[in-house]
Protein chains: 2
Amino acid sequence: MDLERSPLARPFPDIPPIAGVTLRVARARYKTWDRCDLTYAELAEGTTVAGVFTRSACPSSEVELGREQVKAGRARALIVNAGNSNAFTGYRGREAVEQIMAQVADKLGCTKEEVFVSSTGVIGVPLPKDKAREGVEAALGAQPCSWEEAAHTIGTTDTFTKGAHASAMIGDTRIEIGGIVKGSGMIAPDMATMLGYVFTDAAISPAFLQECLSRANRETFSCITVDSDTSTSDTVLAFATGKAGNAQLTSFEDPGADAFLAALRDVCRELAHLVVRDGEGAQKFIAVTVTGASDDESARIIGLSIANSPLVKTAIAGGDANWGRVVMAVGKAGEPADRDRLSIAFGGHWAARDGQPVADYDEAPVAKHLQGQEVDISVDLGLGEGRATVWTCDLTHGYISINADYRS
Amino acid sequence: MDLERSPLARPFPDIPPIAGVTLRVARARYKTWDRCDLTYAELAEGTTVAGVFTRSACPSSEVELGREQVKAGRARALIVNAGNSNAFTGYRGREAVEQIMAQVADKLGCTKEEVFVSSTGVIGVPLPKDKAREGVEAALGAQPCSWEEAAHTIGTTDTFTKGAHASAMIGDTRIEIGGIVKGSGMIAPDMATMLGYVFTDAAISPAFLQECLSRANRETFSCITVDSDTSTSDTVLAFATGKAGNAQLTSFEDPGADAFLAALRDVCRELAHLVVRDGEGAQKFIAVTVTGASDDESARIIGLSIANSPLVKTAIAGGDANWGRVVMAVGKAGEPADRDRLSIAFGGHWAARDGQPVADYDEAPVAKHLQGQEVDISVDLGLGEGRATVWTCDLTHGYISINADYRS
């Protein structure tokens with residue numbers, strides 16, 4: 001099925017070279033696609049790594065291995081296979097991943113554990129070892145490629161290529177952060193969602209890199225949802241080559257650490273937004289901001305209850321400021337809420353205040369807001385100081401067409 | 001919007017008169033519908049009552065009052081308003097409900113607390129007191145009507161009228177149980193879902209009636225989902241008039257108590273299935289059976305994770321035996337699961353066993369099964385003895401059309 005480019009797509013940004021990172025792509029021909037499907041990132045010696053992974057109880061071998069590998073905090077290479085997720089494939093799937101790790105480690109003269117592998121695509125088909133071997137061989141010998149080529153190659157049902165960039169000052173040293181991501185369906189929150197890779201030339205200890213990534217993830221990738229369905233393969237990895245020459249960051253006491261986290265969060269947020277913008281069938285980008293909750297986590301859960309509600313998402317698709325459905329979604333979240341303190345706004349226009357419809361509610365400006373591609377829903381619970389923003393897309397005929405017709 | 005009758009509809013059953021229950025309907029004209037929209041069930045003196053209600057944190061006044069009323073265990077009347085849920089309407093909504101209670105109590109010479117009120121329809125519009133008063137007045141003076149008329153009158157977006165019947169022997173006394181229900185969207189599990197009313201002529205103590213209803217609910221209404229969205233008004237009430245003349249049931253020690261529970265469960269299961277069969281846009285009725293879970297509740301949660309997954313539901317809509325999506329839904333449920341023990345079947349044909357695709361898997365009989373209107377998905381976790389069956393429908397373009405176009 002040929003998918004139309006999302007109306008919410010953004011152009012691929014300018015991402016400068018990141019010292020210590022070399023990107024290459026090749027054809028492993030996992031599917032009959034006429035395109036590259038294997039991505040290889042070679043990382044300088046001394047690169048540190050951190051990761052967040054799906055909380056699925058049925059993860060792929062790649063996720064199981066990756067969770068162990070990040071504990072050592074060292075990386076020399078990343079391989080991403082597109083077109084086959086290698087999930088639910090038992091020992092045969094695991095053998096394929098270990099073969100790739102060994103093949104790359106042999107070439108680079110590093111340990112297997114420094115080679116990270118991700119796979120994305122169909123579930124239940126073991127990654128074919130012969131195709132993987134030839135694909136990796138071709139990638140190891142290929143010419144370096146651009147960020148955009150690498151971002152395109154990790155994609156599957158994505159309708160546009162997704163990347164983000166930020167820079168920060170650590171002391172007198174300017175550092176760069178570049179990231180790429182893929183994903184548009186089977187996107188749900190509460191964990192690292194989809195495949196995302198962030199590269200920086202900053203020098204950072206593995207433990208502190210993990211702390212920064214976990215924090216950034218909590219407010220970005222863990223705050224998006226397309227369809228409430230959580231992939232078996234979700235992975236976000238951050239690699240720091242240390243080539244920028246800054247004094248290594250090891251804690252928030254270090255000068256520049258806050259700036260680094262802010263830049264990392266910017267990149268993660270943009271990547272997360274891009275996934276929502278490519279949500280299957282998406283016509284509108286929806287930001288749900290919850291304030292006045294009992295705490296931030298409660299606000300996030302309520303926000304996701306709204307963002308995952310098919311009745312809210314179809315209402316937005318139809319341009320209907322149906323705040324009754326928002327009340328419903330708040331009520332079902334299982335979090336503290338008081339019906340008679342609840343206020344709801346669309347695009348900054350309050351439709352309900354303190355548990356009652358606003359008396360002089362004018363639907364015209366709300367209707368106009370809902371005609372646009374960017375929709376804001378605000379909910380104030382009137383209970384406490386907790387707040388969160390989550391992002392999702394509307395639920396349209398396009399989602400049904402893609403998922404009822406797409407045969408794996 | 002005129003909705004087509006669900007292809008999964010069933011004819012309204014023969015429900016005999018239940019001694020002590022008199023049904024009447026009238027026009028309150030809450031909406032511009034050219035139909036009755038107010039249902040009145042008059043109940044004999046001595047009728048006991050039990051109820052289960054939504055767990056929404058933002059329930060309607062009807063639900064708040066009903067929760068209190070069932071504690072006393074006595075009922076003389078039920079009023080159901082269709083076309084206005086009276087939810088999220090603050091003190092004005094509550095006043096309307098109390099007015100109805102007083103009006104009926106005055107007529108019957110009972111206490112207000114013996115008059116139960118439910119409302120279903122649009123959220124956020126206070127129930128108009130004048131229309132309610134005139135409608136109740138008309139109903140109090142109307143001729144008795146049939147079960148089918150009453151069932152039709154409580155409906156809103158339902159595309160067919162829903163009822164169920166069972167009988168049981170308590171000692172030498174035959175008792176009848178009749179039930180009606182409405183609902184097709186905003187249907188989610190984990191509580192009494194939608195509006196359902198069960199009437200019996202059996203004599204049962206209020207406490208034991210509550211125990212039986214709660215048990216039946218757990219395996220029926222709490223095991224269905226259309227769209228994972230939980231209404232603010234969900235209510236199931238059971239009324240026992242005691243007119244059959246059996247020795248009053250007060251515990252499972254009493255002869256006939258098990259038979260009564262079995263018959264009550266049959267009625268509740270059928271009513272629950274009818275709601276799924278009228279699920280918005282439904283083309284297929286899906287039963288998900290989970291076995292081998294660590295316990296029954298874990299099996300139910302995993303079953304609902306599968307039944308709520310838009311990717312599973314769209315796959316079934318498309319006739320695609322996409323068991324990878326079932327693996328995903330098991331994995332995201334947050335319950336114990338072991339990828340390498342997981343087995344999945346469609347229509348009794350195993351597609352995956354012990355965490356791997358079945359080697360000689362023949363898709364032809366599975367594809368044939370998925371062409372039908374009744375789809376069975378079986379998941380065995382291989383961990384323990386826990387089991388549950390949950391029911392849902394597929395997710396189709398019809399759901400989007402109904403909910404993106406329907407304006408409240």
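**Figure 1. A:Lys313, a buried lysine in helix α8 of chain A**. In this predicted model, A:Lys313 has a relative accessibility of 4% and so counts as buried (buried is under 20% relative accessible area, exposed is over 50%, and partly exposed lies in between, with a 1.4 Å probe and protein chains only). The residue sits in helix α8, residues 310-317 of chain A (helices are DSSP runs of H or I with at least four residues, strands are runs of E with at least two, and both are numbered from the N terminus). Its side chain makes a polar contact with the side chain of A:Thr392 at 2.7 Å, and the side chain of A:Lys313 also reaches the backbone oxygen of A:Cys393 at 3.2 Å. A polar contact here is a pair of N or O atoms within 3.5 Å; within protein, one must be able to donate a hydrogen and the other to accept it, and residues adjacent in sequence count only if both atoms are side-chain atoms. Leaving out residues up to four places away in sequence, A:Lys313 touches A:Thr225, A:Val226, A:Ala307, A:Asn308, A:Thr392, A:Cys393, A:Asp394 and A:Leu395 (contact means heavy atoms within 4.5 Å). For a sense of scale, A:Lys313 and A:Leu108 are 205 residues apart in sequence and 48 Å apart in space, C-alpha to C-alpha.

A note on reading these views: residues are numbered from 1 along each chain as its sequence is written, while chains are lettered from A and ligands numbered from 1 in the order in which they are written. Local features need pLDDT of at least 70, side-chain atom pairs count only at pLDDT 80 or more, and totals for chains, interfaces and linings use all residues, with side-chain values using heavy atoms and leaving out hydrogens and water.

**Figure 2. B:Glu176 and its partner B:His165**. Moving to chain B, we find B:Glu176 in strand β7, residues 173-182. With a relative accessible area of 11%, B:Glu176 is buried. The side chains of B:Glu176 and B:His165 make a polar contact at 2.7 Å. Apart from neighbours within four places in sequence, the contacts of B:Glu176 are B:Pro16, B:Ile18, B:His165, B:Ala166, B:Ser167, B:Phe199, B:Thr200 and B:Asp201.

**Figure 3. Helix α1 of chain A and what it packs against**. At 1.5 Å a residue, the twelve residues of α1 (61-72) should span 16 Å, and its end C-alpha atoms are 18 Å apart, which agrees (the expected span is 1.5 Å times one less than the number of residues). Buried in this helix are A:Ser61, A:Glu62, A:Val63, A:Leu65, A:Gly66, A:Gln69 and A:Val70. These buried residues pack against β3 (48-53), α2 (90-108), β5 (115-122) and β9 (235-240) of chain A. After the helix comes A:Gly73, with a positive phi near 80°.

**Figure 4. Helix α9 of chain A, buried along its residues**. Nine of the nine residues of α9 (323-331) are buried, so the helix is largely enclosed by the rest of the structure. They are A:Trp323, A:Gly324, A:Arg325, A:Val326, A:Val327, A:Met328, A:Ala329, A:Val330 and A:Gly331.

**Figure 5. A positive phi at Asp354 in chains A and B**. Most residues other than glycine have a negative phi. A:Asp354 is not a glycine, yet its phi is positive, about 50°. A:Asp354 lies in the loop between β12 (349-353) and β13 (356-357) of chain A. B:Asp354 likewise has a positive phi of about 50°, and its place is in the loop between β12 (349-353) and β13 (356-357) of chain B.

**Figure 6. Cysteines without disulfides**. Searching the whole structure gives zero disulfides over all chains (a disulfide is a pair of cysteine sulfur atoms within 2.5 Å). For A:Cys36, the closest cysteine sulfur is in A:Cys145 at 8.1 Å, too far for a bond. A:Cys36 is partly exposed, at 22% relative accessibility. The sulfur of A:Cys110 is 19 Å from its closest cysteine sulfur, also in A:Cys145, and again too far for a bond; A:Cys110 is buried, with a relative accessible area of 15%.

**Figure 7. The axis relating chains A and B**. A rotation of 180° with 0.0 Å of shift along its axis superposes chain A on chain B, with an RMSD of 0.0 Å (least squares on the C-alpha atoms of residues with pLDDT of at least 70 in both; pLDDT is the predictor's confidence in each residue, from 0 to 100). The two copies are thus related as by a two-fold rotation axis. Within chain A, A:His397 comes closest to the axis, at 2.9 Å (C-alpha).
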